[in-house]
Amino acid sequence: MLTGPLFYLLSLFFVQFPPSKAMAVKNYAYARPSSIAQYHSVDSTTKYIYLTFDDGPINGTANCITICSREKVAASFFEIGLHQSRNMKGRRLYDEIKAKDDLFSISNHSYSHSYGRYLWFYQHPDSALLDFLKGKDILGPTNNLVRLPGNNAWDTKLAKKASWLVQPLTHKMDSLGWDVIGWDMEWRFNKYGKPVQSPEAIAVLVDSLFAYNQTKTKNHLVILMHDHMFAAPADSIKLEKMIGLLKKRPQYQFQKITRYPGLKNALN
Ligand SMILES: [Zn+2]
């Protein structure tokens, strides 16, 4: 009887279908990691994060220094001349930041922060500029980067953004060769000065701004925070947590704001 060989041939025929199907499954199974690898290779472009802390030296500045030093992440401090010069504590914190210039930069955030009278401040651009010059004298920054009080304006070689209110001032700053630095996102604070969003929410926001190319400069993201938000231990833990979450993304790199692309006259 040919039953044996016929069965064998038939079995080969039928058995070959499942293997080819299995191969397809295998190929599919193989295709998944490959496509994930492709996704990673596309997404592996380095993305730069600039942690910026405003309004110091003040309560909370010490925690920002400690945490960023411990985590070995670059950070940029936009300081107020008045806060630096009014007492020993301000000067000591300022010296501490300045001593770690491998990680940190100090830039001018005005002398008075307009004393909170933003409208009047920007309606008098000459005196506003004098306020910034006074801040520059006190803070002695080694760069020409400034940030406006209470206003998200940009003026670099590549990034421009200024409302009609602040334009007279930003034009004057531009004529001095200064770069005005705004921000892409803010970790906001509530009426008690404490962080509003969770560290996880901030990390997700960072991811999505990069993913949807919603930053002023592609692959560069500036986060605005305020030193005072992290004065309490429970809140400083949130800063450390947020930094830890961002450090888990291999394509993210922390950088000082003085290395932001398109600056007119970066000195460090
Ligand atoms: Zn400020």
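# Helix packing and backbone features of a predicted model

H2 passes H9 in a right-handed crossing. The model is predicted, and its chain holds nine helices and 10 strands. Of the 268 residues, 46% count as buried.

**Chain totals**

- The accessible surface of the chain is about 14000 Å², and carbon and sulfur atoms supply 60% of that area.
- Among contacts in the chain with a separation of 6 or more, 77% are between residues 24 or more positions apart.

**Helix H2 against helix H9**

- Helix H9 covers residues 233-247, and the axes of H2 and H9 come within 10 Å.
- These two axes cross at roughly 30 degrees. An angle under 35 degrees counts as roughly parallel, so H2 is roughly parallel to H9.
- On the H2 side the contact involves Asn63, Cys64, Ile67, Cys68, Arg70 and Glu71. On the H9 side it involves Ser236, Leu239, Glu240, Ile243 and Lys247.
- By class, the residues in the contact of H2 with H9 are five nonpolar, two polar and four charged.

**Helix H2 against helix H4**

- H2 spans residues 61-71 and H4 spans residues 88-99. Their axes come within 10 Å and cross at roughly 20 degrees.
- H2 and H4 are therefore roughly parallel to each other.
- The crossing in which H2 passes H4 is left-handed, whereas that of H2 with H9 is right-handed.
- H2 contributes Thr61, Ala62 and Ile65 to the contact, and H4 contributes Leu93, Glu96 and Ile97.
- The contact of H2 with H4 comprises four nonpolar residues, one polar residue and one charged residue.

**Helix H6 against helix H7**

- Helix H6 (residues 125-139) and helix H7 (residues 167-175) have axes 9 Å apart, and the packing angle is about 50 degrees.
- At that angle H6 and H7 are oblique to each other.
- H6 passes H7 in a right-handed crossing.
- Pro125, Asp126, Ala128, Leu129 and Phe132 of H6 make contact with Pro168, Leu169, Lys172 and Met173 of H7.
- The residues in the contact of H6 with H7 are seven nonpolar and two charged, with no polar residue.

**Phenylalanine 121**

- Phenylalanine 121 sits in helix H5, which covers residues 118-123.
- Its relative accessibility is 4%, so phenylalanine 121 counts as buried.
- Apart from neighbours within four places in sequence, phenylalanine 121 is in contact with Ser112, Ser114, Ala128, Asp131, Phe132, Pro149 and Leu169.
- Two of these partners, Ala128 and Phe132, also belong to the H6 side of the contact with H7, and Leu169 belongs to the H7 side.
- Phenylalanine 121 and valine 166 are 45 residues apart along the chain, and their C-alpha atoms are separated by 9.2 Å.

- Glycine 81 is in helix H3, residues 81-85.
- With a relative accessible area of 0%, glycine 81 is buried.
- Not counting residues up to four places away in sequence, glycine 81 touches Ser110, Tyr111, Ile138 and Leu139.
- Serine 110, one of those partners, lies in the loop between strand E3 (104-108) and H5.
- Serine 110 is also buried, at a relative accessible area of 0%.
- Phi of serine 110 is near 90 degrees, a positive value in a residue other than glycine.

- Aspartate 55 is located in strand E1, and its phi is near 85 degrees, a positive value in a residue other than glycine.
- The relative accessible area of aspartate 55 is 12%, so this residue is buried.
- Glycine 56 and proline 57 are joined by a cis peptide bond with omega about -5 degrees.
- Proline 57 belongs to the loop between strand E1 (47-56) and H2.
- Glycine 56 is 25 residues from glycine 81 along the chain, and the C-alpha atoms of the two glycines are separated by 8.8 Å.

Definitions and conventions:
Residues numbered from 1 in each chain as written. Predicted model: local features only at pLDDT ≥ 70, side-chain atom pairs only at ≥ 80, totals over all residues. Heavy atoms only, no water. Axes fitted to C-alpha atoms, helices over the stretch in contact; angles between N-to-C directions. Helix = DSSP H or I, 4+ residues; strand = E, 2+ residues; numbered from the N terminus. Parallel < 35°, antiparallel > 145°, perpendicular 65-115°, else oblique. Left-handed = near helix turned anticlockwise from the far one by under 90°. Contact = heavy atoms within 4.5 Å. Nonpolar A, V, L, I, M, F, W, Y, C, P; charged D, E, K, R; others polar. Buried < 20%, exposed > 50% of the residue type's maximum accessible area, 1.4 Å probe, protein only. Areas by Shrake-Rupley, 256 points an atom, 1.4 Å probe, with all protein chains shown as cover.
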